[in-house]
Amino acid sequence: MEHFDYIIAGAGCSGRSLAVRMLPYLKTTNKRALLVDHTEKKANDRTWCFWEEHPDVFEAVVYRKWDRLSFASKFIDRELDIQPYQYKMIRGLDFYAHTDQLLAQHSQQITSLQGKVENQYTQKDKAYIVINGETFSSDYVFSSIPQIQEKKPDRYQYFLQHFEGWVIETEGNFFDPDCATLMDFNTSQQAGTSFVYVLPLSSNRALVEYTIFSRQELAPEDYRTALQQYIREQLKCEHYTIVEQEHGVIPMTDHPNKRQQDRIIYLGTAGGFTKGSTGYTFRFIQKHTAAIVKQLMRSGHPNISAISAARFDLYDATLLNLLSRERISGEEIFSRMFQKNSAVKILKFLDNESSLLEELQIFSTLQKREFAMAFLNRSAYLIRLNSLLKEFRYFLM
């Protein structure tokens, strides 16, 4: 049985992010890691968007970035000042190629293997993984393989964020390359909270993505119809060519995930690092993997506490409850949020990096009655730890 110090199961965004961040540590300590996935990553299968203040380790593969954003709905239409943040876009194909190159240069530290992970388990002081019938041992397994969970709809809320995006080329100049559309709610809201975001790649080329929050995906023709209508009615564009297409589904839920099971540590969506109320994942993956490596360098063990305060889980659950019970529309919630607060404060809040005082200021601008009802509804389920109760003592006084 071959032994590695660490095994990374799944070579998607989270697995590759951890592998790249671990390279200096592995080289310094003369340790080895195995990175395994059942497929090669050679297609431009997804796009990650995020905002950050300072460049991080994957700045080299940022495809486009914008200093300006816009927000539109029937309640508000404005440009957002996001300084000192920049809104950034990374294409899956560029990310895979860049990380492949980095890892190939450090083959003594990282071994890549293509194969199907059939099982992963811990026994005594070791973690084991079965790949195509062969068992490998390690000190720890970092896994982005989804955990099997029994849904509990009586206790938790389950939504999907599903989307279809087209990269289009237009015959004329329809886009401002320096300003991206974060959310445009000028779409039908009948099937759920829906919006379009537009990421200009040039004055006549952009990614136009239709996104909807609901419990079920739409029929393929519904996404096409929504995109065609938006391009025709909002962009005022009749003649264009579809260059690329992408489709995806992201879970939005307050169902807790196990972050760690003995010597198996879960990454990415499998570990609950997709933000329940928005679906944003990339920055949370980077925070988590950076924290793992920092702890390894400090103690030799990857066990870490949560990367965000527990109260943010309750905020996510509150928003999902509002959407679930349809007390108020997502368009109204986000419109009020951006209408009454600075964009920087909102982006900080959505990154789980705001202070309690900043959060109270944001909450004071929202629909108080509806949010209070949803908050109390979810609190009955989610406030169960003393640390969380202490964080909310100001709400309970």
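In what order do the 3 strands of the open sheet come? A few notes below, bearing in mind that this is a predicted model.

1. The sheet. The order is E3-E7-E4, with antiparallel pairing. Strand E3 (47-52) and strand E4 (62-66) are the edge strands, each pairing on one side only. From one strand to the next, the twist averages 25 degrees.

2. E4 with E7. These two run antiparallel, and 4 bridges join E4 to strand E7 (residues 86-91).

3. Helix H2 (residues 92-104) lies across E3, E4 and E7, at about 75 degrees to E7. H4 also packs on the sheet, where it touches E3 and E7; the direction of H4 makes about 70 degrees with that of E3.

4. H1 against H4. The axes of helix H1 (residues 13-29) and helix H4 (residues 282-299) come within 9 Å and cross at roughly 30 degrees. Angles under 35 degrees count as roughly parallel, so that is how H1 and H4 are described. Their crossing is right-handed. On the H1 side the contact includes Leu18, Met22 and Tyr25, and on the H4 side Phe282, Ile285 and Leu296 are among the residues met. By class, this contact splits into 11 nonpolar, 4 polar and 1 charged.

5. H7 against H8. Helix H7 (residues 343-350) and helix H8 (residues 356-363) pack at about 115 degrees, with axes 11 Å apart, and the crossing is left-handed. Lys345, Ile346, Lys348 and Phe349 in H7 meet a set in H8 that includes Glu358, Glu359 and Phe363. The class count here is 4 nonpolar, 1 polar and 4 charged residues.

Key. Residues are numbered from 1 along each chain as its sequence is written. This is a predicted model: local features need pLDDT of at least 70, side-chain atom pairs count only at pLDDT 80 or more; totals for chains, interfaces and linings use all residues. Side-chain values use heavy atoms; hydrogens and water are left out. Axes are lines fitted to C-alpha atoms, for helices over the stretch in contact, and angles run from 0 to 180 degrees between N-to-C directions. Angles under 35 degrees count as roughly parallel, over 145 as roughly antiparallel, 65 to 115 as roughly perpendicular and the rest as oblique. A crossing is left-handed if the near helix is turned anticlockwise from the far one by less than a right angle, and right-handed if clockwise. Contact means heavy atoms within 4.5 Å. Ala, Val, Leu, Ile, Met, Phe, Trp, Tyr, Cys and Pro count as nonpolar, Asp, Glu, Lys and Arg as charged, and the others, Gly among them, as polar. Two strands pair if DSSP finds at least two bridges between them.
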